[in-house]
Amino acid sequence: MRKIIGYILTPIFYLFFFIELIIFHPIQWLCLKLGGYSAHKRSVDLLNFTLFSDNYLLFNSVKFINEQHIPTGQPLIFVANHQSQFDIPPMIYFLRKYHAKFISKIELATANIPSISFNLKYGGAANIDRRDSKQSIGEILKLANNMKTKNWSVFIFPEGTRTKNGKMKEFAIGGIATILKKNPSALVVPIAINGSYEMVKYGMFPLNPFTKMSWEVLPPIDPTGKSTEEVVKEAEMAIRAKVRGS
């Protein structure tokens with residue numbers, strides 16, 4: 001029955017989703033040209049509010065839990081498990097005051113996807129070519145330097161790819177190690193994502209309605225006196241303890 005309802009509601013979800021992307025594309029351009037980084041960022045925050053709100057068209061629940069007192073005056077590395085394409089909008093919106101950027105595939109920045117590609121090009125993301133290690137490291141180092149000079153933060157999915165069944169993969173240390181080398185005082189903040197893989201259990205069509213999804217910010221990890229491997233493993237274990245089925 002849920003799948004049948006999904007066939008009915010999914011076109012409505014995508015209609016709103018893509019209309020929002022199209023509307024906010026010129027808004028982003030205008031904000032960037034007239035108001036610079038700050039105005040552009042506010043437009044991106046508002047875009048992601050509308051995108052995660054589209055979940056309610058599927059009667060999905062979105063619960064974002066953040067009971068941590070995380071400082072805003074230093075770089076942060078938000079580390080999360082990755083369950084679906086729809087993990088991102090709530091993270092951008094609810095953690096907007098931390099100016100967090102993504103490490104993204106360069107293909108997304110060059111694909112001319114309305115709003116998304118524009119933000120990746122001009123919003124401060126590190127757009128990496130996985131076939132070119134020198135370019136990838138250079139992009140990550142540029143982001144790491146911006147974190148240091150502008151108090152930006154970063155979102156990282158250390159599994160490297162999305163899970164299809166909710167079970168976590170082992171975390172890789174590469175990107176985190178590069179950023180910590182430039183920002184040794186950055187706090188590592190784990191985020192446990194639950195349920196979003198169920199939204200795409202049938203693939204991108206139909207989407208699964210009545211899905212309960214949650215994002216929970218866990219206690220930050222101070223990397224002082226710890227190796228990168230220890231920090232990443234500590235973050236992974238904290239997230240595993242919160243993710244169902246892991």
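Ala, Val, Leu, Ile, Met, Phe, Trp, Tyr, Cys and Pro count here as nonpolar, Asp, Glu, Lys and Arg as charged, and the others, Gly among them, as polar. On that division, the lining of the second largest pocket in this predicted model has three nonpolar, six polar and three charged residues.

Phenylalanine 86 itself is found in the loop between β2 and α2 (88–94), and because its relative accessible area of 9% lies under the 20% limit, it counts as buried. Although phenylalanine 86 and serine 196 are 110 residues apart along the chain, their C-alpha atoms are separated by 7.0 Å.

**Helix α8**

Helix α8 comprises 13 residues, 228–240, which at 1.5 Å a residue should span 18 Å, and the distance of 18 Å between its end C-alpha atoms agrees with that expectation. Within this helix, Thr228, Val231, Val232, Ala235, Glu236, Ile239 and Arg240 are buried. Viewed down the axis of α8, these buried residues fall within an arc of 165 degrees, so they line one face of the helix. The elements against which the buried residues of α8 pack are β2 (76–80), α6 (174–182) and β6 (187–194). Helix α6 also holds lysine 181, which is exposed, with a relative accessible area of 75%; the C-alpha atoms of lysine 181 and leucine 141, which are 40 residues apart along the chain, are separated by 9.4 Å.

Apart from neighbours within four places in sequence, serine 153 is in contact with Gln74, Pro75, Leu76, Phe78, Tyr98, His99, Ala100, Lys101 and Met147. Asparagine 151, by contrast, is found in the loop between α5 (133–150) and β5, where it counts as partly exposed at 31% relative accessibility.

**Backbone features in loops**

Asparagine 151 has a positive phi although it is not a glycine, and phenylalanine 210, also a residue other than glycine, has a positive phi as well. The loop that holds phenylalanine 210 runs between α7 and β7. The values for these two residues are set out below.

| Residue | Phi | Relative accessible area |
|---|---|---|
| Asparagine 151 | about 60 degrees | 31%, partly exposed |
| Phenylalanine 210 | near 60 degrees | 38%, partly exposed |

Proline 206 is likewise found in the loop between α7 (196–199) and β7 (212–217). A cis peptide bond, with omega of about -5 degrees, joins phenylalanine 205 to this proline.

How values were computed:
Residues are numbered from 1 along each chain as its sequence is written. This is a predicted model: local features need pLDDT of at least 70, side-chain atom pairs count only at pLDDT 80 or more; totals for chains, interfaces and linings use all residues. Side-chain values use heavy atoms; hydrogens and water are left out. Helices (H or I, at least four residues) and strands (E, at least two) are DSSP runs, numbered from the N terminus. The expected span of a helix is 1.5 Å times one less than its number of residues. Buried means under 20% relative accessible area, exposed over 50%, partly exposed in between (1.4 Å probe, protein chains only). The arc is that of the directions from the helix axis to the C-beta atoms. Contact means heavy atoms within 4.5 Å.
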